[in-house]
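Hi everyone, thanks for making time. I'd like to walk you through one structure today, so please have the viewer open.

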Amino acid sequence: MSNAHRTVVDVVADGLVRHGVGFILSQSVPTALVLACEDRGIRNITYRQENMGGAIADGFARISGRVPVFICQNGPAAALAVAPLAEATKAGSPIIAIMQEVDRSHIGRNAFQEYDHKALFAPVTKWFHLLESADGVEDHLDRAFIAAASGKPGPAVLMLPVDLHKTEARKPGHREMQLGTWPVDRPRPDDTAIRTAARLVDRARLPVVIAGGGVHGSGACEALLRFAEKAAAPSATTNMGKGAISETHPLAMGAIGNLTGPGGLGHHTKCIVQDADLVLLVGNRSNEDGTDRWSLIPDTAGVIHIDIDPQEIGRNYEATCLLGDARATLDALTGALGSHNRDLRAIERRIADAWAMFERERAPLMSDAEPIRAERVLAAIQKRLSPKTVVAGDASYSSNWIAGQLRTGHATTRIISPRGLAGLGWGFPLALGAKLARPDAEVIVVVGDGGFAHAWAELETAVRAGIKVTVVVLNNRVLGYQKDAETAKFGRYTSSGHLGQVDHAAIARACGGHGETVERARDLDTAFDRAAKSSTVALIDVLTDPGGHPPISIYDGTLDHLENGRVIQEPVP
């Protein structure tokens, strides 16, 4: 098609092809754009609800290193997209959201499903543009990709008024850049700042790293490992940074954050962090959960903070500022390090002892006793981890279980969860996006029965689109985090804590998927094998202990204590 006869949607669709977009996530509006994409061989994956569609895009972005495209209608559909775009903004996931707008001549007249979309999306996006004419469409599309994938990644919204869809594009441009991967740029601090930070590391008695999700976003896992080894620095992660350094490495302390209660690995590694005289935060927002309510880092320790977002550096801790991409900055910092006199073997022994104590304490929970403990379910998943495996978790307890119980042996094994805003229901769609990113990998998602109710309609999406993941429902008929947190804070909990029994396996089968219920722990391995061999999405509904909970610090002394190495539920007075 010649430039003289290309419509606005033709230009947009051609731009998506240029940027290497292989599929769009949409329903059917704006229809002209969806048709134009399908005409060019771009696959249309139809979600059931925009809240979930945005989360699928998020999961794809996190695992693939590519920028997904999410398309939806104006008004109520756009409003439903706000929540997943807010998660992507906080988590640093790039998403191109292309949305329909009412006719330009109807704006401000209470047209059908008209809304002030600019005001709606202002708090949850990096960039917003309403296309006002058929001029320069290709320019605006590229601006969206650059905004989404540069600096701290996040969502960019391009609104297409209905009357422009089939309008002939003027000044279509001749752009050739391919902007479908992220990050677009890798800035780093100047050499003076790098040398200053390197001297602090060299002189430190015990430098400790706490890596956040920005390490994964930057593709900086190998750079982090090189730094840790050269600096002899024990390295922990937040939940979002989980696995940034292989957790079988002798310097790896696993995820920490608020998982420092009795029975958790963090219960034994927190003292290492608090012995540090220098803490290096890398791609780390220093948020509440990631710092155990800002109690993790000792007041006596200096802090170096590497982040692509200047608003995060110094937010909660005065820090030596290293503003830049995590990979480029870590590479420069490692190259500038000199010598040190730290006892590497002693440091590694201390970390190994912490892991050993953790394993001893959780061993009694790995039995085949009934009801099934969540720890026992995670032990079955542990056996299935490979360098390509992705394990997703829903918000609430599920994300704590996967962060605190799994031990990754490869930096390419990914553990992901919605920790930007931590909204219930997003674990399953994150897994669908991850499977689109790694179609040949085993993708497992752990959800609670409370959170999964937000998302189970997307089982039909998974069947129809052929997105084969394994869904593990920890079915205990309670809203566990809500019930336990209320009990810890108030000594009792609201009636919302209890749920009815749902046959999730039957729902999966009704949608055309594989579904089975597991009541005995000894049946878990064979259930996982059957799920992996299934030709479609598979769901394992595991009836689990409603009294179990992750080792979250606020429960120490309120809900539980340790007795002979086992976490015991305490009655609350």
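Let me start with a question: which residue stands opposite Arg-414 in E14? The residue is Val-390.

Before I go on, a word on the source: this is a predicted model, where local features need pLDDT of at least 70, side-chain atom pairs count only at pLDDT 80 or more, and totals for chains, interfaces and linings use all residues. Residues are numbered from 1 along each chain as its sequence is written, and side-chain values use heavy atoms, with hydrogens and water left out.

Back to the sheet. Strands (E, at least two residues) and helices (H or I, at least four) are DSSP runs numbered from the N terminus. Two strands pair if DSSP finds at least two bridges between them. Here 6 strands make an open, parallel sheet, in the order E14-E13-E15-E16-E18-E17. Strand E14 (414-416) and strand E17 (514-518) are at the edges with a single partner strand each, so one side of each has no neighbour in the sheet. From one strand to the next, the twist averages 15°, with axes being lines fitted to C-alpha atoms (for helices, over the stretch in contact) and angles running from 0 to 180 degrees between N-to-C directions. The pair E13 (residues 390-393) and E14 is joined by 3 bridges.

Now look at strand E16, residues 470-475. Buried, for us, means under 20% relative accessible area, exposed is over 50%, and partly exposed is in between, using a 1.4 Å probe and protein chains only. In E16, 6 of the 6 residues are buried, so the strand is largely enclosed by the rest of the structure. Thr-470, Val-472 and Leu-474 point one way, while Val-471, Val-473 and Asn-475 point the other way. In a regular strand, side chains alternate between the two faces of the sheet. E16 is joined to strand E15 (residues 443-448) by 5 bridges, with Ile-444 opposite Thr-470. Towards strand E18 (residues 538-543) there are 6 bridges, and Val-473 stands opposite Asp-541.

Next, the cores. A nonpolar core is a set of buried Ala, Val, Leu, Ile, Met, Phe, Trp, Tyr and Cys residues joined through side-chain atoms within 4.5 Å. The largest one has 53 residues, and Phe-227, Leu-280 and Leu-330 touch the most other members. Helix H9 (residues 221-231) gives the largest share, 6 residues. A second, separate core of 52 residues includes Phe-60 and Leu-432.

The largest pocket holds about 720 Å³, where grid points are joined across faces, edges and corners and the volume is the space filled by probe spheres set on the points. Of its 45 lining residues, those closest to the centre are Ala-91, Gly-213, Gly-214, Met-240 and Gly-283. Helix H8 (213-218) is among the elements giving two or more residues to this lining, and its 5 residues are the largest share.

Last stop: Pro-250, in the loop between strand E8 (235-237) and strand E9 (252-255). Pro-250 is partly exposed, at 38% relative accessible area. Beyond four places in sequence, Pro-250 is in contact (heavy atoms within 4.5 Å) with Glu-348 and Ile-351.

Technical notes: On a 1 Å grid over the protein atoms alone, a cavity is a set of points where a 1.4 Å probe fits but cannot get out, and a pocket is an open set with protein on both sides within 12 Å along at least five of seven lines; lining residues have an atom within 4 Å of a point.
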